[in-house]
Amino acid sequence: MSEAAAESATNARPHWWQRIGPGLVTACVVIGPGSILSSSNLGAKDGYSMIWVVLISVFFMLIYTSLGAKLGTVTEESTCTLLAKMVGRPLTILIGCGVFFISAAYQFGNNIGVHSALESYTDFKYGIVIFNAISLAFLFGFKNLYKLVERLMSIFVALMLASFAINLFFAKPNLLEMAEGVIPGYGSDGLDSILNLSLLGLVGTTFVISAAFYQSYLARFKGWKVQDLKDGRIDSVISVTIMALITIMIMSTAAAVLRGKELSGVSDVGNALQPLFGDKGQILFCIGLFSAAYSSFIVNSMIGGFILSDSLGLGGTPQDKWTRILTAAVLLTGMFVGLYVIQSGTKPVVAIVAAQAVTVVAAPLAAGALLLLTSSKKVMGEHRNGIGMNILASIGFVLLLGMAWYIASEKVLPQIQKMRGASTAMIQVEPVETKLALQNWN
């Protein structure tokens, strides 16, 4: 081989599939037990008619993951460092604390997802302790943490795609109705279904702004530079395509075989599939559920730990001590809350309501920060957002505000009122019970 040929071979760029990765990690955190349950419930209730909602959700997720990837590719400093310089450290810390609390509060759902996948085949109730221990070993035992996570997520994505696709094949969905579901309002209640505010809940399971925000960190960990901007765009498209495919497959499977069923948890979905597809169908679903739960399990904790550490100025890379310590804090919080739920059989309502309340504030702030940074000529130079991108991102921001309003009015406030009512009832009942107890004692 000539010297020129050898140099050309050395400088040749890797294949496109070797140049992607951050988007796969993001897809894994978005497709978790919560999104599987929401998609299954919607398919069981409304059939294929809400596929268009998934497409809108992933479109805006594409917009914001693209912003995150571009920010991480063009800039050399970490995202929260840039943000602190632009808007000040206090607001940056508020975003970091919000993202951390959301990750920690919802981490128990990933633990319950892993437990649900395992409980069909074992009576051992402490499997999540083992998997948290494995995650902690990964976290503190590997120097190149990003490379390990990227490879693991590639495997989990493949398992999810294969297991949910095979289940969909056996479900024999109505392809015509699936195609009609792409059109808003077609085959359902028309305009009423389009204006249904509860659809904002489904949008929220796919349009996850904290994951898009974290994309800027993943792009930096991948080592992308300005010349890799095209790779970032391809990576974002692949990630949202995977999100859409998996969500639509789950929804369509439920529409085909679970129509009219009430599904209160992800384990209900697997149990409902067993009589239809046999043990193999349930096994396939559990493989997909485990992959979704455990992949989200790892990455969700990293999002909370890394962003909080960076917002506090303690470092934002896998090599920094505090990113790993705070990631471990998210893991352990989720594990202990998960164990409480498994043992008691009750949901930690206060934690869920608190997380929802924080989401109302933190999600729009994180989206606004991402939009602000990528629109700044000082930060991005010639690669700042164009008018078209800013318009689309602004529409997505308004959608996030709508989701925040929906969560506050339909989820948080009703639960707070219910808890207040329960507390008042206890206060009123307690003196009577005390009096009766004293009479019995005498």
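How many aromatic pairs does the count come to? The count comes to 15, taking rings of Phe, Tyr and Trp (its six-membered ring) as paired if their centres lie within 6.5 Å, with planes under 30 degrees apart called stacked, over 60 edge-to-face and the rest tilted. This is a predicted model, in which local features need pLDDT of at least 70 and side-chain atom pairs count only at pLDDT 80 or more, while totals for chains, interfaces and linings use all residues. Residues are numbered from 1 along each chain as its sequence is written, and side-chain values use heavy atoms, with hydrogens and water left out.

First, the overall picture. The protein has 18 helices and zero strands; helices (H or I, at least four residues) and strands (E, at least two) are DSSP runs, numbered from the N terminus. Of its 442 residues, 52% count as buried, where buried means under 20% relative accessible area, exposed over 50%, and partly exposed in between (1.4 Å probe, protein chains only).

Confidence is next. The pLDDT, the predictor's confidence in each residue from 0 to 100, averages 80 over the protein, and 82% of the residues score at least 70. Helix α5 has the highest confidence, at 92, while helix α1 (residues 3-11) has the lowest, at a mean of 46. Over residues 3-10 the pLDDT stays under 50, and the model has one contact beyond four places in sequence for this stretch. Residues 432-442 are also below 50, with zero contacts in the model beyond near neighbours in sequence.

Back to the rings. A pair of aromatic rings is described by the distance of the centres and the angle of the planes. Phe-131 and Tyr-294 sit edge-to-face, 5.3 Å centre to centre with 65° between the planes. Phe-131 belongs to helix α7 (residues 127-141) and Tyr-294 to helix α14, so this pair ties together parts that are 163 residues apart in sequence. Both partners count as buried, Phe-131 at 19% relative accessibility and Tyr-294 at 5%. The pair of Phe-169 and Phe-170 is edge-to-face too, because the ring centres are 5.6 Å apart and the planes stand at 70°. Here Phe-169 is exposed at 62% relative accessibility, and Phe-170 is partly exposed at 45%. Elsewhere, ring pairs join Tyr-146, Phe-213, Tyr-214, Tyr-217, Phe-221 and Phe-306 into a cluster.

Then there are the charges. Side chains of opposite charge can pair when their charged atoms come close. The structure holds three salt bridges, each being a side-chain nitrogen of Lys or Arg within 4 Å of a carboxyl oxygen of Asp or Glu. One joins Lys-85 to Glu-77, with 2.6 Å between the closest N and O atoms; Lys-85 is exposed at 59% relative accessible area, and Glu-77 is partly exposed at 34%.

Glu-150 pairs with Lys-222, the closest N and O atoms being 3.2 Å apart. This bridge links distant parts of the chain, from Glu-150 in helix α8 (residues 145-171) to Lys-222 in helix α12 (residues 209-222), 72 residues apart. Glu-150 is buried at 14% relative accessible area, whereas Lys-222 is partly exposed at 24%. Beyond its neighbours within four places in sequence, Glu-150 is in contact with Ile-20, Gly-21, Val-25 and Lys-222.

Arg-259 and Glu-177 also meet in a salt bridge, at 3.9 Å from N to O. Again distant parts are linked: Arg-259 lies in the loop between α13 (229-257) and α14 (266-311), Glu-177 in helix α9 (residues 175-180), 82 residues apart. Both are partly exposed, Arg-259 at 45% and Glu-177 at 33%.

Last comes the surface. Met-86, Val-87, Leu-91, Leu-94, Val-361 and Leu-372 make a nonpolar patch of about 440 Å². Patches are made of residues with over 30% relative accessible area and no salt bridge, like charges being joined within 9 Å and nonpolar side chains (Val, Leu, Ile, Met, Phe, Trp, Tyr) within 5 Å. At least two residues of the patch come from each of α5 (79-87), α6 (89-119) and α16 (349-375). Leu-372, found in helix α16, is partly exposed at 38% relative accessible area.

Methods:
Accessible areas come from the Shrake-Rupley method with a 1.4 Å probe; for residues, only the protein chains shown count as cover. Contact means heavy atoms within 4.5 Å.
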